[in-house]
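Subject: Structure handover

Hello,

Here is the structure I promised to pass on. Please open it first, then read my notes.

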Amino acid sequence: DTTTNLPSTANQEMKNVLQSSSILLRTLALVLFVVVSTTTEAKGGKSSSSSRSSGKKMNKRMKGGSSRTVDMKLRVTNIMRLQPLSPFFVMVHNYEAEELFEFGYPPSLELALLAENGDPMSLVDKYQGSRGVLSAEVFSMGAPYFGGDIVDIPFSTTRQYPLVTIASMGINTNDMFVAINGQRLSPGEVLYLNGLDAGSEENNELCGSIPGPACAMINATNVRSHNGEGFVYVHPGFFGIGDLPDGRYDWRNPAVKVEVMY
């Protein structure tokens with residue numbers, strides 16, 4: 001009888017081993033599933049948190065929902081030695097607005113007044129409230145801006161009004177100005193602006209027609225010299241043919257460095 005029962009006992013033991021192995025495999029599979037699920041959730045949570053953080057940063061720069069107002073600034077550096085800059089005309093607009101100027105064409109009366117006298121108010125009066133213009137204003141904090149001076153000019157654009165125009169006079173000249181003429185600007189851009197000639201005054205370099213500090217003790221009348229070239233072009237520089245020496249007041253383009261920043 002004992003011999004007869006041996007195969008039956010062995011079979012039972014084998015069944016027990018197989019059952020134990022099956023339970024162990026199921027347990028391992030469950031543990032692996034839990035570990036993988038937990039890791040995936042952790043990664044998803046981190047990604048979600050990162051997105052929320054990125055969204056907060058973007059919201060600081062963009063306001064107004066669908067209007068998407070973007071606040072930026074222009075860091076302007078005068079890189080001319082003895083050519084101070086006047087207060088700036090600053091405008092935010094779209095393509096419906098009239099351009100500040102076009103090369104080869106006569107300047108508007110208002111631009112001529114800025115380029116000859118360093119006063120941007122005529123441009124503000126012309127553009128403020130006009131078609132295609134979001135804002136037109138004077139920036140004068142700390143003016144005039146001498147060689148090496150740095151000034152930050154704040155502005156805000158929207159989807160509807162994405163363009164920026166600025167202008168300022170080199171005030172130790174007859175009618176030199178610097179300008180950004182209706183451009184889309186993005187943070188990180190660096191622009192170098194040439195000195196431009198409004199073409200509204202002859203470049204006689206006489207202090208009677210120059211409003212800047214170099215002429216204050218010589219002749220401060222600042223009367224238009226007339227006989228201008230009649231169109232806007234790149235300014236040729238200062239030649240010392242009048243009351244001021246070229247060795248002190250001449251410059252080589254570019255005249256101004258502009259960095260676009262948040």
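Predicted model: local features only at pLDDT ≥ 70, side-chain atom pairs only at ≥ 80, totals over all residues.

Numbering starts from 1 along each chain as its sequence is written, and side-chain values use heavy atoms, with hydrogens and water left out.

**Whole chain**

The protein chain has four helices and eleven strands. These are DSSP runs numbered from the N terminus: helices are H or I with at least four residues, strands are E with at least two. The chain has 262 residues, and 38% of them count as buried. Buried means under 20% relative accessible area, exposed means over 50%, and partly exposed is in between (1.4 Å probe, protein chains only). The accessible surface is about 14,600 Å². Carbon and sulfur atoms hold 56% of that surface. Areas come from the Shrake-Rupley method with a 1.4 Å probe; for residues, only the protein chains shown count as cover. Among contacts with a separation of 6 or more, 76% join residues 24 or more positions apart. Contact means heavy atoms within 4.5 Å.

Six strands make an open sheet in the order S4-S3-S6-S7-S9-S10, with antiparallel pairing. Strands S4 (133-139) and S10 (233-234) stand at the edges; each has a single partner strand, so one side of each lacks a neighbour in the sheet. S6 (residues 163-169) and S7 (residues 176-184) pair over six bridges, in the antiparallel sense. Two strands pair if DSSP finds at least two bridges between them. Met-169 stands opposite Phe-177 in S7.

Helix H2 (residues 109-117) packs on this sheet and touches S6 and S7. Its direction makes about 45° with that of S6. Axes are lines fitted to C-alpha atoms, for helices over the stretch in contact; angles run from 0 to 180 degrees between N-to-C directions. The buried residues of H2 are Leu-111, Ala-112, Leu-114, Ala-115 and Glu-116. Their cover includes helix H3 (121-127), S6 and S7. Just after H2, Gly-118 takes a positive phi of about 75°.

**Salt bridges**

The structure holds seven salt bridges. Each is a side-chain nitrogen of Lys or Arg within 4 Å of a carboxyl oxygen of Asp or Glu. Glu-96 and Arg-131 form one of them (3.6 Å, N to O). Glu-96 is in the loop between S3 and H2, and Arg-131 is in the loop between H3 and S4, so the pair ties together parts 35 residues apart in sequence. Glu-96 is partly exposed at 48%, while Arg-131 is exposed at 63%.

Glu-98 bridges to Lys-126, with the closest N and O atoms 2.8 Å apart. Glu-98 sits in the loop between S3 and H2, Lys-126 in helix H3, 28 residues apart. Lys-126 also bridges to Glu-110, at 3.8 Å. That pair joins H3 to H2, so parts 16 residues apart in sequence are tied together. Elsewhere, shared partners join Lys-73, Arg-75 and Asp-152 into one network.

**A surface patch**

Ile-79, Val-190 and Tyr-192 form a nonpolar surface patch, with about 280 Å² of accessible area together. Patches use residues with over 30% relative accessible area and no salt bridge; like charges are joined within 9 Å, nonpolar side chains (Val, Leu, Ile, Met, Phe, Trp, Tyr) within 5 Å. Ile-79 lies in the loop between S2 (69-78) and S3 (88-93).

Best regards
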